[in-house]
Amino acid sequence: VNDWTKVEALDDSLANRPVQIRGRAQTIRPVGKKMAFLVVRENGFTVQCLVQAQPDSVSSQMVKFAAALSRESVVDVEGIVSIPAAPIKGATQQVEIQVKKLYCVSRAVPTLPINLEDAARSEVEIEKAIQAGEQLVRVNQDTRLNFRVLDLRTPANQGIFRIQSQVGNAFRQFLLAESFVEIHTPKLIAGSSEGGAAVFRLDYKGHPACLAQSPQLHKQMSICGDFGRVFEIGPVFRAEDSFTHRHLCEFTGLDVEMEIKKHYFEVMDIVDKLFVAIFDSLNQNCKKDLEAVRNQYPFEPLKYLRNTLRLTYEEGIQMLKEVGVEIEPFGDLNTEAERKLGQLVLEKYGTEFYILHRYPLAVRPFYTMPCYDNPEYSNSFDVFIRGEEIISGAQRVHVPEFLEQRAEACDIEVKTISAYIDSFRYGAPPHGGFGVGLERVVMLFCGLNNIRKTSLYPRDPLRIAP
Ligand code: 4AD
C-alpha cells in the first residue's frame with residue numbers, strides 16, 4: 001500500500017481494498033488471546049480495526065502487541081476494508097479494517113491525566129451517568145487547562161477552534177474584498193494605547209515600555225500613512241486584575257480602521273455587513289463543528305437580522321428605565337444592565353446581535369470623537385451578542401491640538417504618545433474603526449459560559465502555562 005487513506009474517506013466503495021491509515025488508538029478492547037478491537041481516530045472520524053490472529057499473516061504476538069497499546073498512542077494500520085455484518089457502534093465509519101500490519105508510531109503514557117470520554121460528556125450525560133451509578137470523574141476547568149493538549153482532543157474543543165479559525169478567515173476574506181489592507185503593528189510600544197491600569201509594563205533596553213493593549217495607535221497612524229482602510233488580526237495584552245468569565249490577559253484582537261467621508265455610521269455599516277457575513281459563513285461552513293459543540297454544550301442558534309439593529313445609548317437607557325433599571329445618563333452600562341438590555345432587545349426586536357451607539361464621551365477612551373451636536377456624547381459604539389460586548393468602536397479625534405488636550409484630560413502621559421499625536425500634524429483624514437475580541441465572538445456565538453473555553457492556551461491573572 002503506498003497511499004494513505006483518511007479515516008473520513010473509509011466507506012463501502014473501498015470494500016476488499018488494502019488501505020493504510022494513521023491515527024490515534026482511541027480505545028483498545030482485547031477479546032481473548034486471539035483478537036483485539038482498536039478504534040482509530042483521525043480528525044474526529046473513527047474506524048474500528050480488527051486484529052485477529054491468522055496462520056498466514058497475523059501472529060498472536062501481534063494481537064498481544066495491539067492489546068497492550070495505550071490509549072491515544074499514534075498508530076499506523078495497514079489492512080483490508082470489510083463490510084461488517086452488523087452496524088458498528090462506537091465509530092463514525094461504517095466499515096471495518098481487517099488489520100494486516102500495525103505499528104506504534106508514538107506511545108502515550110499508560111494512564112492519561114484526563115479520561116477523554118469523561119471530558120467529552122455534556123452536563124446532562126454526566127448527571128445521567130451519576131444517577132446510573134457509573135464511576136465518573138467530572139473534569140474541571142483547571143484540570144482541562146493544565147492538560148490542554150489532551151483536552152483539545154474532545155469533539156467540542158475540535159469544533160470550537162475550527163469555528164474560531166473560520167471567524168478569522170471570514171473576517172479577512174470580507175475585508176480584503178472591501179479593499180482593506182492587512183497590517184501588522186508592533187506589540188512592544190512606548191506608552192499605553194488605551195489608558196487605565198491594565199497595562200503590562202516592561203523594560204525595553206533601559207527605556208520604559210508596554211505590551212500593546214491594542215493596535216489602536218498604530219492602526220490610526222497607518223491611516224495617516226495613506227492606507228485608507230486597514231485591518232489586523234493579532235495579540236492584545238491586558239493586565240486585567242479581574243477574574244471574570246470574559247476577561248483574559250492576552251486575547252486575539254480583530255481590528256479595523258478606515259477613512260470616513262461624512263459620518264461614523266460608515267464604520268457601523270462595515271460592522272453590520274461584516275458580522276452578517278461572518279455569522280452566515282459559520283452557519284454554512286461549520287455545521288459539523290457547531291453540532292460537536294452543541295452536543296456537549298447545548299445552545300440555540302444565534303438570532304440576527306439581515307440589517308443589524310442600531311439603537312442609541314439614550315434609547316437603550318430609556319428601555320431599561322421602562323423596566324425599572326436606572327442608569328446614570330452620562331455613566332456606563334454595567335454587565336448586568338448590558339445583559340438586561342440584551343433581553344429587552346431580543347423581546348422587542350427579535351435579535352441577539354445589535355449595535356448601541358452615541359455613548360457618553362466620559363466613558364470612552366481619550367481618542368474618541370465627541371458628537372458635533374452635543375459634546376457630552378461621542379461618535380462611538382459598542383456591539384453586543386446575547387447581551388455581552390464583543391466590539392467597541394468610534395470615530396477618532398484627528399485634530400492634533402485637540403487630541404493632545406483630550407489625552408491630558410484623560411491622564412495619559414502625552415510624551416509617551418507624541419509620535420502618535422505628531423502623525424496628525426501632516427494632514428489626517430477623518431477616520432474611525434473598531435476592535436473585536438475573537439474569543440468573545442466564539443464564546444457568545446456558541447452560547448458558552450467562559451472565555452477560557454475559546455482561548456487555545458488562556459492567559460488569566462493566575463495562569464501563564466501551558
Ligand atoms: O473595548 P476595547 O478595550 O477597545 C479597544 O481596544 C479599542 N482600541 C477598539 C477600537 O478600535 N476602538 O476592546 C475591544 C474588544 C472588546 O469589545 C472585547 O470584545 C475584547 O476586545 N476585549 C477582551 N477580550 C478578552 N479579554 C479582555 N480582557 C478583553 N478586553 C477587551
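**Sheets, helices and backbone**

Mentor: Here, three strands make an open sheet, ordered S7-S9-S8, with antiparallel pairing. This is a predicted model, in which local features need pLDDT of at least 70 and side-chain atom pairs count only at pLDDT 80 or more, while totals for chains, interfaces and linings use all residues. Residues are numbered from 1 along each chain as its sequence is written, and side-chain values use heavy atoms, leaving out hydrogens and water.

Trainee: Which strands stand at the edges of that sheet?

Mentor: In general, strands of a sheet pair through backbone hydrogen bonds, either parallel or antiparallel. Pairing needs at least two DSSP bridges between two strands, and the elements are DSSP runs numbered from the N terminus: helices are H or I with at least four residues, strands are E with at least two. Strand S7 (188–189) and strand S8 (201–204) each have a single partner strand, so one side of each lacks a neighbour in the sheet.

Trainee: How many bridges pair S8 with strand S9?

Mentor: Four, in the antiparallel sense, with S9 spanning residues 207–211. As one case, Leu202 has Ala209 in S9 as its bridge partner. S8 and S9 form a hairpin with two residues between them, and Lys205 in the turn has a positive phi of about 50 degrees.

Trainee: Where else is there a positive phi in a residue other than glycine?

Mentor: Look at Arg386, whose phi is near 45 degrees. Arg386 sits in the loop between strand S14 (380–385) and strand S15 (388–395). While you're on the backbone, check omega too: the peptide bond from Ala465 to Pro466 is cis, with omega near -5 degrees. Pro466 is in the segment after helix H14 (438–445).

Trainee: Which strands close into a barrel, and in what order?

Mentor: Five of them, as S1-S2-S3-S5-S4, with mixed pairing. Neighbouring strands there are turned by 50 degrees against each other on average, direction ignored. Strand S1 (residues 18–31) and strand S2 (residues 35–42) run antiparallel and are joined by seven bridges; Val31 is opposite Met35 in S2. Helix H1 (residues 60–67) lies across S1, S2, strand S3 (45–52) and strand S5 (96–106), at about 65 degrees to S5.

Trainee: At what angle do helix H6 and helix H9 pack?

Mentor: Axes are lines fitted to C-alpha atoms, for helices over the stretch in contact, with angles from 0 to 180 degrees between N-to-C directions. H6 (residues 155–177) and H9 (residues 287–296) pack at about 135 degrees, axes 7 Å apart. They are therefore oblique to each other (under 35 degrees is roughly parallel, over 145 roughly antiparallel, 65 to 115 roughly perpendicular, the rest oblique). In contact (heavy atoms within 4.5 Å), residues including Gly159 and Ile163 of H6 meet H9 residues, among them Leu290 and Val293.

Trainee: How do H6 and helix H8 cross?

Mentor: Again at roughly 135 degrees, with the axes of H6 and H8 (residues 265–285) coming within 9 Å. H6 and H8 are therefore oblique to each other. Their contact includes Phe171 and Phe174 of H6 and Leu274 and Ile278 of H8.

Trainee: Which residues does the UniProt domain annotation cover?

Mentor: The unreviewed UniProt entry places "domain: Aminoacyl-transfer RNA synthetases class-II family profile" on residues 161–458. UniProt positions follow the numbering used here, feature names are shortened, and annotations may be inferred rather than shown by experiment. The end C-alpha atoms of residues 161–458 lie 13 Å apart, and the span is 35% helix and 21% strand.
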